[in-house]
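Q: Could you take me through this structure feature by feature, giving the general idea of each before the case at hand?

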Amino acid sequence: MSDSDLMDPFGRDIDLENGIIEGASEKWTRYLSDMKNMYQNREAVEEILDSEDPLLYEVYEISVPKESGQLLHCTTILYPGKVGNEYYMTKGHYHERRDTAESYLCLSGRGYLLTQTEDGGSDALRMVPGRLVYIPPYWAHRTVNTGDEPFVFFGVYPGDAGHDYGSIEEIGFPKIILEEDGETVVRKNPDYEV
Ligand code: S6P
Ligand code: ZN
């Protein structure tokens with residue numbers, strides 16, 4: 001490695017309440033129209049989209065080279081809301097490099113981490129402020145906001161992990177999270193087939 005390849009150590013400020021990372025970060029957003037086929041109730045999706053296209057979540061990422069040996073750091077701000085009785089959620093993905101892990105630390109709000117493996121494994125883990133959840137290699141991951149305020153979490157993962165949304169866009173996750181009679185319930189996804 002030449003001297004010019006050597007990065008300088010750096011610090012960034014993260015607002016632990018709203019998840020905003022100050023400094024040279026990348027930011028991207030997802031709206032309901034970006035994932036309209038991922039919610040159970042397609043009629044509810046169309047009804048909402050007839051009048052507005054709500055912002056579901058924002059992601060801030062600290063820019064480092066997306067290379068092996070580097071660590072990517074990001075925050076996700078997943079807004080509260082529902083489509084029908086299904087809570088707002090992230091799209092969810094496998095890492096393109098399946099043998100890469102990720103850690104999430106919940107900063108504020110509350111929700112769930114949904115996970116799955118390609119051979120049918122699945123889990124649902126609660127996330128509350130201060131709780132860390134570990135996503136081992138080979139597990140796809142999606143988060144769900146089950147509260148009534150923004151659900152904010154910090155994530156760290158390998159620089160060369162990449163994202164693979166393909167199969168999730170088609171089959172979803174084995175579990176879904178709904179509100180039923182004012183309660184949050186984890187249900188089997190009736191549309192899910194391996
Ligand atoms: C990246 C990490 C998160 C998600 C973010 C949005 O590996 O897991 O930063 O990108 O929570 O979720 P998604 O599924 O739309 O990328
Ligand atoms: Zn990830």
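A: Let us begin with a pair of strands: strand 2 (residues 55–62) and strand 3 (residues 71–78) run antiparallel and are joined over 5 bridges, where strands are DSSP runs of E of at least two residues, numbered from the N terminus, and two of them pair if DSSP finds at least two bridges between them. Within this pair, Tyr 60 has Thr 75 of strand 3 as its bridge partner. This is a predicted model, in which local features need pLDDT of at least 70 and side-chain atom pairs count only at pLDDT 80 or more, while totals for chains, interfaces and linings use all residues. Residues are numbered from 1 along each chain as its sequence is written, chains are lettered from A and ligands numbered from 1 in the order in which they are written, and side-chain values use heavy atoms, with hydrogens and water left out.

Q: In what order do the strands of the open sheet lie, and which are the edge strands?

A: The open sheet has 6 strands in the order 1-2-3-11-6-9, with antiparallel pairing. Its edges are strand 1 (25–31) and strand 9 (132–135), each of which pairs on one side only.

Q: Where does ligand 1 sit, and which strands supply its shell?

A: Ligand 1 sits in the largest cavity; a cavity is a set of points, on a 1 Å grid over the protein atoms alone, where a 1.4 Å probe fits but cannot get out, and a molecule sits in it if more than half of its atoms lie within 2 Å of its grid points. At least two residues of the shell come from each of strand 1, strand 2, strand 3, strand 6 (102–108) and strand 11 (151–158). The ligand is surrounded by 18 residues, the closest being Tyr 57, Thr 76, Gly 92, Tyr 104 and Tyr 165, with a heavy atom within 4 Å as the criterion.

Q: Which side chains place a polar atom by an oxygen atom of ligand 1?

A: A polar contact is a pair of N or O atoms within 3.5 Å. Glu 102 has a polar side-chain atom 2.9 Å from an oxygen atom of ligand 1, and His 163 also has one at 2.9 Å from a ligand oxygen, whereas for an N or O atom in the side chain of His 141 the distance is 3.5 Å.

Q: How should I read a positive phi?

A: Most residues other than glycine have a negative phi. Tyr 138, in the loop between strand 9 and strand 10 (140–145), has a positive phi near 80°.

Key. Helices (H or I, at least four residues) and strands (E, at least two) are DSSP runs, numbered from the N terminus. A polar contact is a pair of N or O atoms within 3.5 Å; within protein, one must be able to donate a hydrogen and the other to accept it, and residues adjacent in sequence count only if both atoms are side-chain atoms. On a 1 Å grid over the protein atoms alone, a cavity is a set of points where a 1.4 Å probe fits but cannot get out, and a pocket is an open set with protein on both sides within 12 Å along at least five of seven lines; lining residues have an atom within 4 Å of a point.
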